Amino acid sequence: MKRLTVILFVLLMLVIPIGAMAKTTITWWINPWRITPPGFPADKAATEEDFPKWAAEEFMRLNPDVEIKYVVVGNTEYAQKMAAAIATGTQPDIFKGPVWDNRWVGAGLLEPIDDYLSQEDIEDFYELALESGYVDGKHYIWPWNLGTNGMGTSMLLYTPDFEKAGIDWKKIVEEGWTMEEFVEIAKKLTWDSDGDGKTDHYAISFGAQDTHNLMSFIYAFGAELIKEDETKVVFNSQEAIDGLKFLVDLVEVHGVVPKGVEAMGVYDVIGNFHSHRTSIGFGGPYEIGRITRYVLSGQLAEQFYPVIAPFPHVEGKKGASYASASGFVVFKQKDPVKKEKVMEFAKFLTNRENTALLESLLYLTARKSVNAQLFKSDEYLNDQTQTFARIMDETGMEFFGSQSFPWSEISKFFTSAMQGAFGLTKTPKEALDGFVTEANRALAYYY
Amino acid sequence: MKQIPTKSLKKKNVLKEIWKNRSGYFFVLPHFALFAVFFLVPVGWGMYLSMFRHNVFSQTFIWFDNYKRILSDWLFLKTLKNTFVYTFGVVPLWLGKALLVTVLIYPFRKSIRTFFKAAFYLPHVTSSVIISMIWLWVFNPNFGLLNYLMTLLGLDPVIWLGRSLTAMPSLIIMQVIMGGGSTIVLLSAAMASIPEYYFEAATLEGASSWAIFRKITVPLLKPTILYALVMGTIANFQTFSNIYIMTSGGPEFSTTTIAYLIYETAFENYNLGLASAMSMVMFVILVVLGVIQFKWLGSNVEY
């Protein structure tokens, strides 16, 4: 008996240190963010690995009992990877993608974060940022960034072209512009550079697959995608038809947009602006940051400094810009100890110091206190972010309904409608009627 | 005398046979196990899933409702038509090109033949994503190479991938130009195995080149052509990456293929049940096409 007790004691002594040494492993998926972490060389462009690597190592240094395994998941592949992971029960513990899916809440896959949000956090995060993860009375997102990546948020003006055409761009930035003024200015920004009698420089370009900026124009005419109760798509109102007709006319009647909108996507539009084939681009401060990153990585030869301006508005109506925010979601945890650690990691990623790292990407953050300190030493960037914040405040709105609305189910029909309208196979009315019919049919199946 | 039941006798014989050939089965086992795990089980699971209203969050058994839905859905029927147009646009041209190149390079000496085979094979070892990106630039409506050449010839630029009328032919042409490398290698090998005296005899008899091609070359290459035809049909029926990168199925769904729709349904809309039903329909179509091709072209060739 005595011998047995001794053996058990020795075994226990062996097991306890092993147990104490066991680390909590947290898997973290994040889409590519080329954030410059602290201590990174200033003359180099950060890669998508640098920030997650730094954050994981820093958290592990502060929490030696935790191991963070991060995976950078591409913007185009995350959906299928996540679908497969959820289907097989191998989803990460914490996730930040280009978007998140509200159906994860309905399926009970996510942890609400309300118990972990301090009063200070609630006051510091923008309401829009908190609302972006608010479903059925609970918050599910640790807010991180304020939508500065959306191509439908604001416009970028290449000022040398405006000056060459004798246009007062400062007035546009400060006072905005009506649709009529926009057309007149766009005409002045469209010209033949090489003198062969053919237009080769345009004011602006669009892509049928680039939804957000087209929506910003159409919303400015007073259109709305869905009914207030979100049961029906109503994007074939007279306002929507007028908005789409205006866009098609920019190509076909005014000739200020290069033809081929139906074949183009977001990167074609960005490429046109970067190569100065167009004078007006899209996006917020992040898109200014893209120019710098492209220069540093050799994708773009020359740095230039566009200014942020609002989308044009219809006389007497408010303009529209796409406002969004995103952050980290925590997947359901069985182990309460691990749940605490995952929440701690989420808090670490979204604390003031680490949220402020978004500055290197020229992103506005989801924290008011951090934004107040951004770009203090850079007059140009400070001006742009201030303009952007003003535009968001005055005209920012969510285009695609609440988090429960299944836009992803119907977006392909919208793209098809845009292709039909710009390809002239359909009138704007026919295109939008077709979209609404298909979208409502898909919604009926979805619900 | 006690009679032994025939069934158990047969069973005994089968087991005996298996035991007798155990080393053969042993060597086949790893491949079969992998085949079962990565093909048979997923196919079976796909059939099972296709009878559910299934997304990654919930599932409801709905019998054949998914099949009813897709067979009455205009978009699915359109993608089916697109897939047939693409496949039967690409495969014959692809095969024709491979056959032509094979016959044209055959008379050259070995080093020249090898050079051409390598040159035509090169796109086969290049990522389809990279090829699609390059062709995306070729087809760019405003600044693309093709429209630049059109302008030099005094022609109006065309929005190749933006118009329903030109998008699918553009993709087909791209695939025909870039594809066929492996078929050229296969056909060259098959052609080299045709006894030379067949051609010599035909030439002595005064047969024209066209007659030799029609009456000797093509019939004797039939097994290889059949193989290339079946594999080409299967591969092109499942085309995805070029559609995904170059057109995203547009304009107006004119280049949406079944594989692309399955991807969208499964991985963008999370509707795995519906996507599985579509996959099963594609599977059945491919089996039927394969059977027809074997019936039509299958024959024994002896040299």
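The structure is a predicted model, in which local features need pLDDT of at least 70, side-chain atom pairs count only at pLDDT 80 or more, and totals for chains, interfaces and linings use all residues. Residues are numbered from 1 along each chain as its sequence is written, while chains are lettered from A and ligands numbered from 1 in the order in which they are written.

Chain A contains 19 helices and 14 strands. These are DSSP runs, numbered from the N terminus (helices: H or I, at least four residues; strands: E, at least two). The radius of gyration of chain A is 25 Å, close to the 22 Å that the globule rule gives for 447 residues, so chain A is as compact as a globular protein of that length. That radius is taken over C-alpha atoms, and the rule is 2.2 Å times the number of residues to the power 0.38. Along the principal axes, the C-alpha atoms of chain A fill a box of roughly 105 × 55 × 40 Å. Of the 447 residues, 46% count as buried. A buried residue has 20 or more other C-beta atoms within 10 Å of its own, with C-beta atoms placed from the backbone.

Strand β12(A) spans residues 325-330. Because 6 of its 6 residues are buried, β12(A) is largely enclosed by the rest of the structure. Strand β3(A) (residues 94-96) runs antiparallel to β12(A) and is joined to it by 2 bridges. Here Ile94(A) stands opposite Val330(A). Strand β6(A) (residues 141-146) is also antiparallel to β12(A), with 5 bridges. Leu146(A) faces Ala325(A) in this pairing. Strands pair if DSSP finds at least two bridges between them.

The largest nonpolar core has 174 residues. Such a core is a set of buried Ala, Val, Leu, Ile, Met, Phe, Trp, Tyr and Cys residues joined through C-beta atoms within 7 Å. Leu157(A) and Met278(B) have the most contacts inside this core. Helix α4 of chain B (residues 74-105) gives the most to this core, with 9 residues. Beyond its neighbours within four places in sequence, Leu157(A) is in contact with residues including Phe162(A), Trp169(A) and Pro306(A).

The contact between the chains takes 23 residues from chain A and 22 residues from chain B. Residues are in contact if their C-beta atoms, placed from the backbone, lie within 7 Å. On the chain A side, α18(A) gives the most, with 7 residues.

Note on methods:
Two residues are in contact if their C-beta atoms, placed from the backbone, lie within 7 Å. A residue is buried if 20 or more other C-beta atoms lie within 10 Å of its own, exposed if 12 or fewer, and partly exposed in between; C-beta atoms are placed from the backbone.
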